[in-house]
Amino acid sequence: MTIHSQPDNALAFPDFGDPGFGVYVHWPFCAAKCPYCDFNSHVRLKGIDEERFVAGFAREIACMRELSGPREVTSIFLGGGTPSLMKPQTVEAVLSAIAGAWHVPDGIEVTLEANPSSVEAERFQGYRSAGVNRVSLGVQALNDKDLRFLGRLHDVAGAMKAIDLARETFPRMSFDLIYARPDQTVDAWTAELEEAIGYAADHLSLYQLTIEEGTPFYGLHKAGKLKVPDNDQAALLYEATQETTAARGLPAYEVSNHARPGAESRHNLTYWRYGDYAGIGPGAHGRLTRAGHKFATVTETHPETWLERVEARGDGITESVELDTEEQADELLLMGLRLREGLDVRRWQSVAGRTLDPAREDFLLRQGFIERLGNDRLRCTSSGMIVLDAVVADLAL
């Protein structure tokens, strides 16, 4: 396979055709619900019976092992919610259950999401001892005014303390920022991004603020009380993001994710390369292949209802749907075009049982939205990434 004009050969995990097998565990609890968040997260002021949930995770892990068959795990991701609210013993028990179900080689990527407001040195050391070797911090902004606007419980000083502690404790660290905030200018965002890169981060996740239905921000936006940058301004902010990170050695390897070569997220690459993954916990999604058939799994979203369901029948699965070839091809196309390395065209053709429409591909090529990398790969250009949904929709027809 020949790929031209990109540094993808520096990836820690080049795409040799095996996307890997990931395990995702969803901890659905937060100290507070952020006004922009539409994730499956819940606040429990009276506390959480962690031992009971650990037993539930272990039972569902055993069920997923029956569905997946024997596999070698290539990455584990503890997401949420706020997994850094878990006791280190809880994390250790969950990781032990995974190791008991599948083969888990030494040294694979094990990521835990953390909020700066819940970071403690003793707790971080406990996670490291349990086997976590990568932490992802939800910093979101580097000024206190915008942190308050986003409903975060930490301030910039707390974020800096968490970043320093994460660097001291874990071999790898990433943090998130949200841009396209109200009244945000390109100059202000570029300066903030330069500051973030200066904190010795080797991976950044940079997300544009979106107004999701069902969130407090949605109601405010609909009532005209919350204004975010329009499409033109958002596009300028996106372009500034790409230029700044690339110039500082953290190029985008996916639409919203940037890393120094070799520091890409192994787990997220499994998603985007359309690999299998087991989804454990309330509201977790999964993709599992059995006897050549790919299934999409979804679990009960409400935490206590999920737990009762697991205790009664061994799993919290509410949907397990076999995906037909067209659905798989569409998912593979959507995921592959998010990546800087692009879509493996031959794999897509093998899944879809057909070739891409030459006329549609030619149109998008002439418009400058996509480009070919040798004979085997197709990727979006910088212009194409801005209108990614439209590009995918056009090619999928």
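Predicted model: local features only at pLDDT ≥ 70, side-chain atom pairs only at ≥ 80, totals over all residues.

Biologist: What makes the contact of Glu-304 with Arg-44 a salt bridge?

Modeller: The cut-off is 4 Å between a side-chain nitrogen of Lys or Arg and a carboxyl oxygen of Asp or Glu. Here an Arg meets a Glu with N and O atoms 2.9 Å apart, so the pair qualifies. Glu-304 sits in helix α10 (residues 303–313) and Arg-44 in the loop between β3 (42–43) and α1 (50–68), so the bridge ties together parts that are 260 residues apart in sequence. A search of the whole structure finds 20 salt bridges.

Biologist: Which domains does the assignment give?

Modeller: The domain assignment lists domain 1 (21–271) and domain 2 (325–396). Their C-alpha centres lie 28 Å apart. Nine residues from domain 1 and eight residues from domain 2 take part in the contact.

Biologist: How much area do domain 1 and domain 2 bury between them?

Modeller: About 710 Å², with 65% of it on carbon and sulfur atoms. On the domain 1 side, Tyr-238, Glu-254 and Val-255 supply 51% of the area buried against domain 2, more than any other three residues.

Biologist: How many salt bridges are counted between domain 1 and domain 2?

Modeller: The count is one. Glu-254 also forms a salt bridge with Arg-338, where the closest N and O atoms are 2.6 Å apart.

Biologist: Why is helix α13 called roughly antiparallel to helix α15?

Modeller: The axes of α13 (residues 358–367) and α15 (residues 388–396) come within 9 Å and cross at roughly 155°. That makes α13 roughly antiparallel to α15, because angles over 145 degrees get that label.

Biologist: Which residues of α13 and α15 meet?

Modeller: Arg-360, Glu-361, Phe-363 and Leu-364 in α13 meet Val-391, Asp-394 and Leu-395 in α15. By type, the contact has four nonpolar, no polar and three charged residues.

Biologist: What is noted about the peptide bond between Gly-80 and Gly-81?

Modeller: The bond joining Gly-80 and Gly-81 is a cis peptide bond, with omega about 20°. Gly-81 is in the loop between β4 (75–80) and α2 (88–101).

Biologist: What is listed for the phi of Asp-183?

Modeller: Asp-183 has a positive phi of about 65°, although it is not a glycine. Asp-183 belongs to the loop between β7 (172–179) and α6 (186–197).

Notes:
Residues numbered from 1 in each chain as written. Heavy atoms only, no water. Axes fitted to C-alpha atoms, helices over the stretch in contact; angles between N-to-C directions. Helix = DSSP H or I, 4+ residues; strand = E, 2+ residues; numbered from the N terminus. Parallel < 35°, antiparallel > 145°, perpendicular 65-115°, else oblique. Contact = heavy atoms within 4.5 Å. Nonpolar A, V, L, I, M, F, W, Y, C, P; charged D, E, K, R; others polar. Domains from an automatic or database assignment. Buried area = accessible area lost by both parts, 1.4 Å probe.
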